[in-house]
Amino acid sequence: MFCIVYLAGLATASTRMNITPSSQTVSPGEEFTLEIDINPDTPIAGVQFNLTYDNELITVINIEEDNFFASADSAIMFNPGSINKSSGTVSRISSSVVKGNSITE
């Protein structure tokens, strides 16, 4: 999988993104979950990225919000993006703090 990350204009060399698990063996037709973790080096209030995958090997079923901005103590706006199974992309996955504090982890 390949992800492009845009961190509200604050992406820097030391901001890290991890996909877990980094590898996994699954049988054809078996469902599995990947988590995308972002560790910014400066406080952020939003994140947006696109996901590209091999559509001959993987079918994305859905994108769910986790608790990335939970410590912001604010309402959160989440967009699961637009899944295009024929091109193997998920476009404009985003989450942001509506009002309140930015977070660093």
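This note goes through a predicted model of one chain, from its overall make-up to single residues.

1. Overall make-up. The chain has seven strands and zero helices. Read from the N terminus, its elements therefore run β-β-β-β-β-β-β. Of the contacts between residues at least 6 apart in sequence, 60% join residues at least 24 apart.

2. Burial and surface. The chain holds 105 residues, and buried residues make up 21% of them. Its accessible surface comes to about 7,100 Å². Carbon and sulfur atoms account for 48% of that surface.

3. Largest pocket. The volume of the largest pocket is about 1,400 Å³. Its lining counts 40 residues, and those nearest the centre are Thr33, Leu34, Glu35, Asn62 and Ile63. Which strand gives the most to this lining? Strand 3 does, with four residues. At least two lining residues come from each of strand 3, strand 4 (46-52), strand 5 (76-79) and strand 7.

4. Asparagine 62. Asn62, one of the residues nearest the centre of the largest pocket, sits in the loop between strand 4 and strand 5. Its relative accessibility is 45%, so asparagine 62 counts as partly exposed. Asparagine 62 and glycine 81 are 19 residues apart in sequence, and their C-alpha atoms are 9.3 Å apart in space.

5. Aspartate 54. Aspartate 54 is also placed in the loop between strand 4 and strand 5. It is partly exposed, because its relative accessibility is 39%. Lysine 85 is 31 residues away from aspartate 54 along the chain, with 9.5 Å between the two C-alpha atoms.

6. Nonpolar patch. Val26, Phe32 and Leu34 make a nonpolar surface patch of about 190 Å². Leu34 is also among the residues nearest the centre of the largest pocket. Phenylalanine 32 belongs to the loop between strand 2 (16-20) and strand 3 (35-39). Is phenylalanine 32 buried, partly exposed or exposed? With a relative accessibility of 34%, it is partly exposed, because that class covers values between 20% and 50%.

7. Cis peptide bond. The peptide bond from threonine 20 to proline 21 is cis, and its omega is near -5 degrees.

8. Serine 94. Strand 7 (residues 89-97) contains serine 94. Why does serine 94 count as buried? Its relative accessible area is 19%, and buried means under 20%. Apart from neighbours within four places in sequence, serine 94 is in contact with Val47, Gln48, Met77, Phe78 and Asn79. Strand 4 spans residues 46-52 and strand 5 spans 76-79, so Val47 and Gln48 fall in strand 4, and Met77, Phe78 and Asn79 in strand 5.

9. Serine 96. Serine 96 is placed in strand 7 too. This serine is buried, with a relative accessible area of 18%. Which residues does serine 96 touch, not counting those up to four places away in sequence? They are Ala45, Gly46, Phe69, Ala75, Ile76 and Met77.

10. Although arginine 92 is not a glycine, it has a positive phi of about 60 degrees.

11. Serine 14. Serine 14 is found in the loop between strand 1 (2-6) and strand 2. Its relative accessible area is 43%, so serine 14 is partly exposed. Leaving out residues up to four places away in sequence, serine 14 touches Asn39 and Asp41. Proline 40 is 26 residues from serine 14 along the chain, and the C-alpha atoms of the two are separated by 7.4 Å.

Technical notes. Residues numbered from 1 in each chain as written. Predicted model: local features only at pLDDT ≥ 70, side-chain atom pairs only at ≥ 80, totals over all residues. Heavy atoms only, no water. Buried < 20%, exposed > 50% of the residue type's maximum accessible area, 1.4 Å probe, protein only. Contact = heavy atoms within 4.5 Å. Patch = residues over 30% accessible without salt bridge, like charges linked within 9 Å, V, L, I, M, F, W, Y side chains within 5 Å. Areas by Shrake-Rupley, 256 points an atom, 1.4 Å probe, with all protein chains shown as cover. Salt bridge = Lys/Arg side-chain N within 4 Å of Asp/Glu carboxyl O. 1 Å grid on protein atoms, 1.4 Å probe; cavity = no way out; pocket = protein on both sides within 12 Å on 5 of 7 lines; lining within 4 Å. Points joined across faces, edges and corners; volume = space filled by probe spheres on them.
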